[in-house]
Amino acid sequence: MTTFRNWLVRATVAVLLLAMAAYIYVTQRMHEEVRLAVEQHLAEKFPQLSVRVHRARIAEGEGIHVTGVTLRLPDVAGSAGEVAYIDEVNVACDIHWQKLLAGEPPQINGFILYRPRLRLLRFRDGTWNFDRLIASDDQDRIDHLVDGRLENATIEVVDMVKSPPSLYTVRDLN
């Protein structure tokens, strides 16, 4: 009887450990799917830029929490290619796993950008890197704007036309 009880305890512990491992795997996989969906959505909105999202996760009933969003010019190397970096984004939307798995896009109600950095760069030929962020067909995007807020934003303006290049920085914009 003791041997059976020991075996039963070990089997129960093994099943619980497997269940925990499966839960962690599924949760991480779903967060990765959310990250890829956010990255793809941004890439569709800014096709002229290279988009990278470090992490995204769903806060059930609250929205989506995104960290490490980078928008870059694909043909410009180094820091000159970075148009924008956003440390954190909280997207307020009514989203649930069931709707997401069913392929229903969330209805976005608002957002907060924490520590965004916008880098405006004027190249030697007089063009701006910002020209690619706002394309001529953006009227549709402007017509569908939602409420948003910035916290601790930074704007950097770099003028490469001057020799040496000049840098103007505005910090702590809210």
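Author: Let us start with Thr67, which, once its neighbours within four places in sequence are set aside, is in contact with Val53, His54, Arg55, Asp87 and Glu88. Thr67 itself lies in strand 2, which covers residues 63–72, and the coordinates we are reading belong to a predicted model.

Reader: Is Thr67 buried or exposed, and why?

Author: The class follows from relative accessible area, where buried means under 20%. Thr67 counts as buried because its relative accessibility is 17%.

Reader: Where is Thr154 found, and which residues does Thr154 contact beyond its neighbours in sequence?

Author: Thr154 is found in strand 6, and, leaving aside residues within four places in sequence, Thr154 is in contact with Pro116, Arg117, Leu118, Thr169, Val170 and Arg171. With a relative accessibility of 17%, Thr154 counts as buried.

Reader: How many helices and strands does the protein chain have, and in what order do they run?

Author: The protein chain has 3 helices and 7 strands, and from the N terminus on the elements follow the order α-β-β-β-α-β-α-β-β-β.

Reader: How should I read a salt bridge, and how many does a search of the whole structure find?

Author: A salt bridge is read from the distance between a side-chain nitrogen of Lys or Arg and a carboxyl oxygen of Asp or Glu, the limit being 4 Å. The search of the whole structure finds 9 salt bridges. One of the pairs is Glu88 with Arg115, whose closest N and O atoms are 2.4 Å apart. This pair links distant parts of the chain, since Glu88 sits in strand 3 (residues 82–93) and Arg115 in strand 4 (residues 108–122), 27 residues apart. Glu88 is partly exposed, at 23% relative accessibility, and Arg115 is partly exposed as well, at 35%.

Reader: Which residue forms a salt bridge with Arg119, and are the two partners buried or exposed?

Author: The partner is Glu156, and here the closest N and O atoms are 3.9 Å apart. This pair too joins distant parts of the chain, with Glu156 in strand 6 (residues 153–159) and Arg119 in strand 4, 37 residues apart. Both Glu156 and Arg119 are buried.

Reader: What distance separates the closest N and O atoms of Arg149 and Glu151?

Author: In the salt bridge between Arg149 and Glu151, these atoms are 2.6 Å apart. Arg149 is partly exposed, with a relative accessible area of 43%, and Glu151 counts as partly exposed at 23%. Elsewhere, salt bridges that share partners join Glu32, Arg35, Glu39 and Arg52 into one network.

Reader: Turning to the nonpolar residues, which of them have the most contacts inside the largest nonpolar core?

Author: That core has 14 residues, and those with the most contacts inside it are Val34, Val38, Ala56, Ile64, Val66, Val69 and Val89. The elements that give two or more residues to this core are helix 1, strand 1 (50–59), strand 2 and strand 3, and strand 3 gives the most, with 4 residues. If residues up to four places away in sequence are not counted, Val38 touches Val53, Ala56, Ile64 and Val66. There is also a second, separate core of 8 residues, which includes Leu49, Val51, Val83 and Ala84.

Reader: And at the surface, which residues form a nonpolar patch?

Author: Val9, Val13, Leu17 and Met20 form such a patch, with about 370 Å² of accessible area together. Val13 lies in helix 1, residues 2–45, and counts as partly exposed at 43% relative accessibility.

Reader: Where is the confidence of the prediction lowest, and where is it highest?

Author: Confidence is lowest in helix 3 (residues 139–143), with a mean pLDDT of 51, and highest in strand 2, at 94. Over the protein chain the average pLDDT is 83, and 89% of the residues score at least 70. Where pLDDT is low, the predicted coordinates should not be read in detail.

How values were computed. Residues numbered from 1 in each chain as written. Predicted model: local features only at pLDDT ≥ 70, side-chain atom pairs only at ≥ 80, totals over all residues. Heavy atoms only, no water. Buried < 20%, exposed > 50% of the residue type's maximum accessible area, 1.4 Å probe, protein only. Contact = heavy atoms within 4.5 Å. Patch = residues over 30% accessible without salt bridge, like charges linked within 9 Å, V, L, I, M, F, W, Y side chains within 5 Å. Areas by Shrake-Rupley, 256 points an atom, 1.4 Å probe, with all protein chains shown as cover. pLDDT = per-residue confidence, 0-100. Core = buried A, V, L, I, M, F, W, Y, C linked by side-chain atoms within 4.5 Å.
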